[in-house]
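Morning, everyone. Let me put the structure up, and then I'll walk through it.

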Amino acid sequence: MDESDPNALTVEQALERILATTERVTGSEAVALPDALDRILAEPVAARIDVPPARNAAMDGYALAAADGDAGSRLRIAGISAAGHPWDGALGAGECIRILTGAVVPDSADTVVMQEHVTVDGDHITLATDARRGANVRNPGEDTRAGTVILDTGRRLTPADIGLLASQGIGEVPVVRRPRVAFFTTGDELAPIGQPLKPGQIHDSNRHTLRALLSRYPVVFEDLGVIADTEEAVRSALTRAGESADLILTTGGVSVGDADFVTRLLQREGEVGFWKVAMKPGRPLAFGRFGQALFLGLPGNPVSAMATFSLFVRPALLRLCGTEPAPPWTLRARLLENLRKHSGRTDFQRGVLERRDGEWVVRSTGGQGSHQLRSMSLANAYIVLPRESRGAEAGEQVDVIPFHSVF
Ligand code: AMP
Ligand code: MG
């Protein structure tokens, strides 16, 4: 079947429009290193010192002058330099010192010979091979030179970055303020967890999913709860959110024909457009502004809400947080079964990606209904089937997006 809709936007077009009006929030603050993981730098950070600060040994062995280092030479051990305990003497001709990894190499030495390449008798060593000048010596600034920009504005700090900053003795960094994200779900059928379901009710899962998704970003979030399908309730939630939030996220109520007042309210009192996106799951999407805030209205179906979050909210959030979103990491995997789809929309089917005998293979999780949240829970990747295709056959290579790159 062909499900093309001339009014639908492609996934790329929708994302382009969202990013075209999404800007980094203003304001920054200084945070201490223990709180800096995943925060986004508001200014570049330059190295303060050379790292390593001094010449030091890359191995346990003996430090000497290469001029004394021919194979067969016998040298006197004049002292020891250990990590944190430099030797403060100077080597004379025919002398060496015992040296341990990370210990300062004295000015009078230029080479470290591995301990495996010498024989020791009392306070003397004999070299088994010729020493190579400069061997096993780490030079000052070899890792980082003072003054070099080590991390740029917009960098989302990784564990390695935290270590790098610590190696510079930097204990505090300037980061972008955390955007405020207000979210709520809509639907008269939604019951909170911990309350038995009355006829016609289902538990509100989206709000918990959203909270979990948002907790992976450097944002402050405000959970406004489940909002009833009445104009009053939606208006008051939106008004409250629009006063202080940078981003408002909602689920439900954006389908055509569904609770029309939400649509009308958003259009009348905000600047919100309603889009159909040529993708499955998750077609209806609302985007615009309400009050001070950017507004993204996701579909109510739990799978659609997650899929639109991963493809549209995530990049917008990252931009808002001050870092440039990268396209999702995509790899090719061999499909293990036949998959069907309608042409005219891009499918993001839920799959299980595995490494088997040195090869990536992927299979479907089964039922792909946008209400089947278990398909998301069982999956670890999207199988991406292009808009015009009608499916793919077992054995074909298909594009796969691992979840960890989009959630
Ligand atoms: P809607 O977009 O409001 O028309 O909702 C589409 C479908 O998603 C309906 O079957 C809803 O019952 C369901 N749904 C909407 N919101 C939620 C939610 N917060 N948790 C679980 N299911 C929901
Ligand atoms: Mg609804």
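Start at Asp38. Asp38 sits in the loop between strand E1 (28-32) and E2. This is a predicted model, so keep that in mind throughout. The phi of Asp38 is near 70 degrees, a positive value in a residue other than glycine. Most residues other than glycine have a negative phi. How accessible is Asp38? Its relative accessibility is 33%, so Asp38 counts as partly exposed.

Asp357 also has a positive phi, near 45 degrees, and again the residue is not glycine. Find Asp357 in the loop between E24 and strand E25 (359-364). Is Asp357 buried or exposed? Exposed, because its relative accessibility is 81%.

Now omega. Most peptide bonds are trans. Val51 and Pro52 are joined by a cis peptide bond, with omega at about -5 degrees. Pro52 is in the loop between strand E2 (45-46) and strand E3 (56-57). Another cis bond runs from Lys280 to Pro281, with omega near 0 degrees. Pro281 belongs to the loop between strand E19 (279-280) and strand E20 (284-290).

Pro281 leads us to Ser304. Ser304 is in helix H6. With a relative accessibility of 3%, Ser304 counts as buried. What does Ser304 touch, leaving out residues up to four places away in sequence? Pro281, Gly282, Pro299 and Ser370.

Next, the packing of helix H3, residues 206-214. Six names to pick out here: Asn206, Arg207, Thr209, Leu210, Leu213 and Leu214 are buried. Looking down the axis of H3, those buried residues fall within an arc of 160 degrees, so they line one face of the helix. What covers the buried residues of H3? The cover includes strands E13 (180-186), E16 (220-227), E17 (247-251) and E21 (293-298). Helix H6 (302-321) is part of that cover too.

How many cavities of 30 Å³ or more does a search of the whole structure find? It finds 3. The largest cavity holds about 50 Å³. Its lining is Phe184, Thr186, Val234, Leu238, Thr250, Gly252, Val254, Val262, Leu266 and Phe295. E13, helix H4 (231-244) and helix H5 (260-269) each supply at least two of the lining residues. By class, that lining has 7 nonpolar, 3 polar and no charged residues.

The second largest cavity holds about 40 Å³. Around it are Glu3, Asp5, Ala8, Lys276, Val277, Ala278, Arg283, Gly344 and Arg345. Here the classes come out as 3 nonpolar, 1 polar and 5 charged.

The largest pocket has a volume of about 590 Å³. It is lined by 30 residues, and the closest to its centre are Val11, Glu12, Pro328, Phe348 and Ile401. Which elements each supply at least two residues of this lining? Helix H1 (11-20), H6, strand E24 (346-356), E26, strand E27 (391-392) and E28. H6 gives the most, with 5 residues. The lining divides into 18 nonpolar, 6 polar and 6 charged residues.

A search of the whole structure finds 7 aromatic pairs. Take Tyr382 and Phe407. Their ring centres are 6.3 Å apart and their planes stand at 50 degrees, so the pair is tilted. Tyr382 lies in strand E26 (residues 381-385), and Phe407 in the segment after strand E28 (397-402), so the pair ties together parts that are 25 residues apart in sequence. Tyr382 and Phe407 are both buried. Ring pairs also link Phe348, Tyr382, Phe403 and Phe407 into a cluster.

Last stop, Gly194. Gly194 is in the loop between strand E14 (190-191) and strand E15 (202-203). Its relative accessible area is 85%, so Gly194 is exposed. How far is Gly194 from Val272, C-alpha to C-alpha? They are 34 Å apart in space, and 78 residues apart in sequence.

That's the tour. Over to you.

Methods
Residues numbered from 1 in each chain as written. Chains lettered and ligands numbered in written order. Predicted model: local features only at pLDDT ≥ 70, side-chain atom pairs only at ≥ 80, totals over all residues. Heavy atoms only, no water. Buried < 20%, exposed > 50% of the residue type's maximum accessible area, 1.4 Å probe, protein only. Helix = DSSP H or I, 4+ residues; strand = E, 2+ residues; numbered from the N terminus. Arc of directions from axis to C-beta. Contact = heavy atoms within 4.5 Å. 1 Å grid on protein atoms, 1.4 Å probe; cavity = no way out; pocket = protein on both sides within 12 Å on 5 of 7 lines; lining within 4 Å. Points joined across faces, edges and corners; volume = space filled by probe spheres on them. Nonpolar A, V, L, I, M, F, W, Y, C, P; charged D, E, K, R; others polar. Phe/Tyr/Trp six-rings, centres within 6.5 Å; stacked < 30°, edge-to-face > 60°.
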